[in-house]
Each structure stands twice: as C-alpha cells, then as structure tokens.
Amino acid sequence: MYNVATRGPFKGLNPRVAPVAVAGVLSITGLAVYRPAVIERLVVGSRDQLTPLLEWYYVALMAYFLAMVIWLGTGRYKNIRLGRDDEVPEFTTLSWLAMLFAAGMGVGLLFWAVAEPLSHYRGNPFLSGADSSAAADLSMVLTYFHWGLSAWGVFALLALILAYFGYRKGQPLALRSALHPLLGKHTHGWAGDLVDLLAILATVFGIVTTLGLGIKQLETGLGLMLGFDYGGAGMELFLTGLLTLVAIISVITGVHVGIQRVSQANLWLSLALLLLLLIWGPTHYLLALVVQSTGGYLQNLMSLSFYTHANQPGDWHQVWTVFYWGWWLAWAPFVGLFIARISRGRTLREFVMGVLLVPTLITFVWLGLLGGTALHAETSGLAAIADIVAEDITRATFATLATLEPAGIARAGGILITILIATYLVTSANAGIVVINTLLAHGAIEHRRGHLILWGLAIGLVTAVLLLAGGLEVLQGAVIMAALPFSLVMLVMVAGLLRGLKDDRYAPRPGEYRILPVEPWQVPDRLPEDYEVDDDAPLAEESDAMEAAGQGNPHKP
C-alpha cells in the first residue's frame with residue numbers, strides 16, 4: 001500500500017496529495033465567487049490560446065488510445081487475464097454486461113442526444129450544399145463519432161491499466177501503480193503524487209461539467225412541467241444545493257442499497273423511454289436511421305479520427321471535437337475506475353470487446369432514437385427543433401418529446417425524461433464523491449464520513465460557481481483545460497503498461513502451449529527451443545506424436 005496518513009484530518013488518504021487537492025479546489029472556488037469575471041476570462045482566454053495545439057494534439061492522442069486498446073484486445077497479449085491465470089471472472093458475463101450498460105448511460109446523453117445532431121444539421125464543415133437529407137445523415141454520423149469507439153477507447157484503456165496492475169500485479173488500484181515498471185520505488189514519491197493530483201483535478205472538472213449540464217437541463221424540465229420561469233441563477237443554485245445535499249446524505253449514511261435501486265430504476269426508466277419513442281414515434285424511420293448511421297460511422301471512422309480542421313474556417317472543431325475529447329479524458333478516471341472494479345478475471349480480449357462494443361451499441365441506439373425523433377420532426381416540418389437548439393439548448397429534448405402524439409404520451413415523455421435527469425444526477429454525484437476519495441486513498445473502498453462530506457461539498461461548490469461564472473462556455477473550457485495535463489499522465493501510464501506486459505507470459509489454458517507472446521502475423525514456422533508445454537493440457541503426447549509423424553500439431557498456434 002502506498003503512503004497514507006494514519007492520523008489527523010486526512011487519515012486514510014494520501015497526506016501529501018489530499019491537502020493540495022483540497023486547497024486547489026477551494027482556491028478556484030473562492031476566486032470564482034469573488035471574481036467570476038476573472039475566472040471566465042481566464043478559462044475562455046486559455047482555451048482560445050491553446051486551441052491551435054489541442055485541435056491536432058487531442059485528435060492524435062485519441063486516435064492513438066483507440067488503436068492501442070484494440071491492439072491490446074487482439075494482439076499478442078489478448079489472452080492475458082486481469083488476475084491470476086486460473087482466476088475466473090468475479091461477475092457472470094450477463095451481470096458484467098448489464099453493469100457496462102449502466103456505465104454507458106448518463107446525464108450527458110440526456111443533454112446532447114437532441115442538441116448535438118440538430119446543431120450539426122444546421123451546419124458543419126462537411127456539408128457541401130443545402131441538401132437537407134444529406135445534412136440529416138451526416139449529423140447523426142458526426143454525433144456517433146463523438147460518442148462512439150473513440151470515447152470508450154480512452155475509458156477502456158485506463159480501466160485496463162488499473163485492472164492489470166491491481167489484479168495481476170498485486171498493486172493498489174491506483175493510477176500511480178502504472179508507473180511502477182518505469183520508476184520502481186520512486187512511484188511512492190513526488191512523481192506518483194503528481195499523477196494522483198492531476199487525475200483528481202481532471203475527475204473533479206469532468207464530474208462538475210456533467211453535473212452542470214444536467215442541472216441546467218433539469219431546471220428547464222421542471223420549469224416546463226410546473227409552469228415557472230427558468231433560466232435564472234437562483235433556481236440553478238437551489239438545484240445544485242439540493243443535489244449536493246441528497247448525494248452527501250446518501251453516501252455518508254451508507255445507503256448503498258438505495259443507490260443501487262436508483263441505478264436499477266434508471267435502467268428501467270431508460271428502457272421505458274426508448275420503448276415510448278419506438279412505439280409512438282416514427283418507428284421505421286428510427287430503426288432505419290440507427291442502422292444507416294452505424295454504417296456511415298464505420299465507413300468514416302478512420303478519416304474523422306484524424307480530422308483536425310486544418311483547412312476549414314470557423315470554430316466547429318473547437319466547439320465539438322476538442323470539447324468532447326477533453327471531456328472524455330477528464331471523465332476517464334471516473335468511468336475507468338468503475339469498469340476496473342467489475343472486470344476482475346476477464347482476459348484482455350473479453351475486456352476490450354465488452355467495454356468497447358456494449359456501451360457503444362447502447363449509446364448508438366439511444367442517440368438514434370432520441371436524436372432521430374428530433375431529426376424527423378425537423379425534416380418533416382412538425383417542429384423547428386434546430387431553431388430551438390440555437391435559442392435554448394436545454395429545451396431541445398423536451399420540445400422533441402412534445403411532438404409525439406397523443407398529447408398524453410408527449411407529457412408522459414417529458415415527465416419521464418425529467419425524472420431520469422434527476423436520478424442520473426444523484427447517482428453521478430454520489431459516485432463522483434466515492435471515486436475521488438478512492439483515488440486519494442489508493443483504491444481503498446472504505447472512507448471516513450468527514451472526507452465524503454468534504455468532497456461532496458467541494459463538488460457542489462465548484463459546480464455552482466462555474467455555473468455562475470459563465471455557464472456552459474466556462475464548463476466546457478474548464479474541462480478541456482483540466483484534461484490537458486492529465487493526457488500526459490495517460491501517455492506515461494500506457495508506457496508503464498507496455499513495460500509491465502513485456503515481463504508477462506502468454507496466459508496458459510488447457511490444450512494450449514505456454515509461449516512468449518507474438519503477434520498473430522508473427523507465428524513461428526517451427527517450435528522455438530524454449531517452447532513450454534502446459535502439463536495439464538489434454539492430448540499433449542498425442543499432439544507431439546502427430547507432429548513427429550509429419551501430420552502437424554493441432555495445438556500449435
């Protein structure tokens with residue numbers, strides 16, 4: 001176990017990182033309270049200055065991470081197990097996939113499922129004319145790109161690194177564990193502390209951005225349902241305070257069963273909303289759009305993954321792709337730690353295929369049904385959803401559901417989405433408090449009540465002051481800036497993973513030889529001298545006899 005305090009206010013936490021992290025968050029909060037204009041100028045100005053760098057750096061980085069995680073799941077190390085060679089998965093495959101489903105849903109999907117495709121429909125750098133059908137097709141492809149394999153690639157990579165060193169190498173479930181193959185005992189020093197600090201700050205701003213977006217949308221939903229004016233700072237602060245209070249109470253009273261039930265309710269409410277859209281929405285259009293958009297996404301994945309907006313005017317790339325890549329990088333410790341915790345005993349191949357494909361497919365269905373309903377209403381003239389997005393982005397989802405018939409179904413859909421936003425906000429805030437304390441405690445799952453309260457208040461305060469300082473633009477700028485230093489941490493963690501894998505041998509299974517790892521295209525023509533046979537492998541002697549007789553070895557890779 002890495003260094004943790006044994007007494008004092010930070011007992012159980014890293015005694016060097018925790019005070020610095022708290023001081024940093026409180027300093028930002030204090031400055032935003034007393035000088036909100038300064039925070040807005042600082043965040044927006046820094047983002048503008050760094051945009052020329054981030055437009056190519058984030059693009060190259062996310063493409064590299066996606067390629068790396070695919071290689072880990074299909075290349076020489078694909079059969080290495082996240083645990084002992086003989087360890088079975090902690091959860092059944094069905095339970096594991098169900099939990100990945102929960103990881104794939106969240107407040108962000110509720111906020112952007114309508115707003116993003118309709119924004120792209122109005123304009124994007126790939127449109128060559130005024131063809132509305134082509135614009136509709138392209139808008140969904142671009143939305144799928146920002147929410148697809150690239151996003152889950154960075155989550156999967158970080159989760160894989162945590163699980164590999166935590167379960168296979170016996171290290172604490174902490175980000176600094178990935179530095180051990182590179183730094184050895186120095187991992188316990190300032191380098192490891194810096195990794196933890198940057199990860200915590202990135203996580204805080206990733207969570208705060210998500211909560212801020214959700215609170216703005218929840219305020220709009222409540223205003224439309226209850227008939228009061230929305231858009232004021234007072235209601236946003238009230239909802240932020242209420243959310244913080246509920247999250248803190250739930251986490252300090254240990255009401256884990258209650259949170260689990262809320263999470264299960266989220267699942268069933270999400271499925272209910274999707275069924276509502278399928279039954280009372282343009283069913284055939286929606287299903288056709290999901291299939292077509294998935295094909296268009298796969299066809300354009302390579303070119304979009306390396307698109308840097310080099311020869312195009314405007315700020316589309318900065319507003320969308322750079323923001324999303326920064327958001328996913330900042331959100332990675334949060335999602336990655338959750339996925340790592342539930343994936344013990346999986347092989348790299350099982351892990352990568354599950355984490356990349358299941359949440360991506362779920363996300364595509366959600367975006368296709370909700371965003372497709374909005375596109376159908378726009379292109380068929382039922383409602384000017386694109387104009388509503390441009391006027392008030394938080395109202396777009398509710399305006400889309402209002403187009404459903406009969407009116408009772410439309411109202412039920414509005415109520416359902418509002419409840420979903422509220423419940424996802426509670427579970428996200430609750431999980432965020434736990435994740436930050438887990439990072440500070442080097443993977444420990446038991447936390448002191450005072451620490452949970454402290455970070456619950458910190459998350460609530462930062463969310464409130466950033467909403468006051470400039471709303472959506474400041475939230476987006478803050479997460480992009482917080483992700484930049486953490487992106488360097490991830491590069492070092494990948495290097496540590498590769499160094500650790502070099503000392504790992506091919507995981508043995510019955511009926512297979514145990515050999516040093518090779519790529520699929522590098523299978524040797526003959527057995528190497530150090531080729532070892534698994535003693536428990538069935539038919540081993542028979543296989544050797546067949547090979548000696550020139551009939552080939554059925555167990556030879």
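Me: What does buried mean for a residue here?
Reply: A residue is buried when its relative accessible area is under 20%. The model judged this way is a predicted one.

Me: Why is N124 called buried?
Reply: N124 has 10% relative accessibility. The cut-off is under 20%, so N124 counts as buried.

Me: Where is N124 placed?
Reply: N124 sits in the loop between α4 (107–122) and α5 (132–147).

Me: What makes the approach of the N124 side chain to the backbone oxygen of H120 a polar contact?
Reply: The distance is 2.9 Å. A polar contact needs a pair of N or O atoms within 3.5 Å, one able to donate a hydrogen and the other to accept it. The distance therefore falls within the limit. The N124 side chain also reaches the backbone nitrogen of F126, at 2.9 Å.

Me: Which residues does N124 touch, not counting those up to four places away in sequence?
Reply: N124 touches L138, L142 and W316.

Me: Why is I249 called partly exposed?
Reply: I249 has 44% relative accessibility. Buried is under 20% and exposed is over 50%; 44% lies in between, so I249 counts as partly exposed. I249 is found in helix α9 (residues 233–252).

Me: How many residues does the chain have, and what share counts as buried?
Reply: The chain has 557 residues, and 55% of them count as buried.

Definitions and conventions:
Residues are numbered from 1 along each chain as its sequence is written. This is a predicted model: local features need pLDDT of at least 70, side-chain atom pairs count only at pLDDT 80 or more; totals for chains, interfaces and linings use all residues. Side-chain values use heavy atoms; hydrogens and water are left out. Helices (H or I, at least four residues) and strands (E, at least two) are DSSP runs, numbered from the N terminus. Buried means under 20% relative accessible area, exposed over 50%, partly exposed in between (1.4 Å probe, protein chains only). Contact means heavy atoms within 4.5 Å.
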